[in-house]
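This report describes selected packing features of one protein model. The sequence and structure are shown first, followed by the discussion.

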Amino acid sequence: MTAAPTAHTTAAARTTAGGRVETGPAALARLERLAGWIDGRSAEFCTSAGWLRAAALHLPGAPAVLTVGPAEAPVALAALTTSRRRGVPRIELLGGDLNDYGRLFHDDEAAAAGLADALVGWLGTRRSWSLHLGQVDPDDAAVRAIVARLPGCRIETGPPMPRIEGVGGSFRISRNRRRSMRRATARLDAEGRTWRTVAASEPGDVARWLPALVEVRRHRDHAAGRRSHLDDPRLRAFHETVLLDAAARGRVVVDVLLVDDDVAGYAVTMVDGDTYRLWDGRVAEEWQRYQGGIVCDMLAVLRAAEAPGVTTFDWLRGRTEAKFGDHETRRVAVRAASGTVVTTLDAWADAVRRGARRAVPASLARALVAR
């Protein structure tokens, strides 16, 4: 696989307002020691210990872990990352804008209040800062406590997250949806193509398919006129680490459509207990006419509908025609800054980002405003 772990800042730890902050290698070590504690409180693959560890290892920025209570048995934890944008330290949840769900871990409301106090105390040790905690639950006690304690803190509503509730019960997949899959495969038969579908979930099988999936995604992104984030060795290493870790833990299924032995499309589904989440998927550029993406998406939905105990199929962020269902949720971002100058800079960057997204590919827009 690509890329070695990223070298972050030197180990450091400090106490602040009843909490303890560890950064760099010490933060990574803390995440590893508390993996069981984190997974016991995580409900989504992107808040799991494996995801956070991969982010700390591979993504840009320096990891920081804030804990409240005993070091080896805390009552609250925030997995964060720090970077510099326009010369100002920026604090985000570990994983940043790759997170479809963000989580502040705590055992009860008292622990949530203690975590908020510790975070505000840590921010107070910095001369300037910009805080962006994305995709968090607006009803979470820690989120409410942070908003109450930070002057000028604001809440921004996140993008829609379509889902199917009752996927194996009350919800019925329409005939038109089922026909779309049959039409795609009928075209393959009519044109004399050799095709088959594969469902990979064992670690070895996922590892064998992974290089081909990465190339399908990169080529499709390039054909759409944008740089793929998997062009970046660090982000590719993160992507691969997450997928292989999920396979090792039995929480991923990769559906692949093969046409004449080429990957024509794929869908990666993460299994979170009673919820299946479609994390990644693409149609191969040269095989678009066979709608490999639709075929693999439908395979994932049908598997969820047939799996015992599964109640929800989550399409994650973004509303598109292909994402069908009967419910939609939205998370929020908590935004705050150390003063009016930083707030103004953040607002300017947000405006540039919105304008750039209308004019240039999203990946280039992110690069411009992150300088």
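Leaving aside neighbours within four places in sequence, which residues is Val 256 in contact with? The model is predicted, and in it Val 256 is in contact with Arg 196, Thr 197, Val 198, Trp 209, Leu 213, Val 263, Gly 265, Tyr 266 and Cys 296.

Val 256 also belongs to the largest nonpolar core, which comprises 78 residues. Together with Ile 38, Val 252, Trp 279 and Phe 313, Val 256 is among the residues that touch the most other members. Helix 9 gives the most to this core, contributing eight residues.

Because its relative accessible area is 1%, Tyr 290 counts as buried, the limit being under 20%. Residues up to four places away in sequence not being counted, Tyr 290 touches Ala 184, Arg 187, Leu 188, Glu 191, Arg 193 and Val 295.

| Pair | Kind of distance | Value |
|---|---|---|
| Tyr 290 and Arg 193 | polar contact between side chains | 3.1 Å |
| Tyr 290 and Ala 186 | separation of C-alpha atoms | 9.3 Å |

Tyr 290 and Ala 186 are 104 residues apart along the chain.

Helix 3 (residues 49–58) is mostly covered, with nine of its 10 residues buried. The buried positions in helix 3 are Ala 49, Gly 50, Trp 51, Leu 52, Ala 54, Ala 55, Ala 56, Leu 57 and His 58.

Key
Residues are numbered from 1 along each chain as its sequence is written. This is a predicted model: local features need pLDDT of at least 70, side-chain atom pairs count only at pLDDT 80 or more; totals for chains, interfaces and linings use all residues. Side-chain values use heavy atoms; hydrogens and water are left out. Buried means under 20% relative accessible area, exposed over 50%, partly exposed in between (1.4 Å probe, protein chains only). Contact means heavy atoms within 4.5 Å. A polar contact is a pair of N or O atoms within 3.5 Å; within protein, one must be able to donate a hydrogen and the other to accept it, and residues adjacent in sequence count only if both atoms are side-chain atoms. A nonpolar core is a set of buried Ala, Val, Leu, Ile, Met, Phe, Trp, Tyr and Cys residues joined through side-chain atoms within 4.5 Å. Helices (H or I, at least four residues) and strands (E, at least two) are DSSP runs, numbered from the N terminus.
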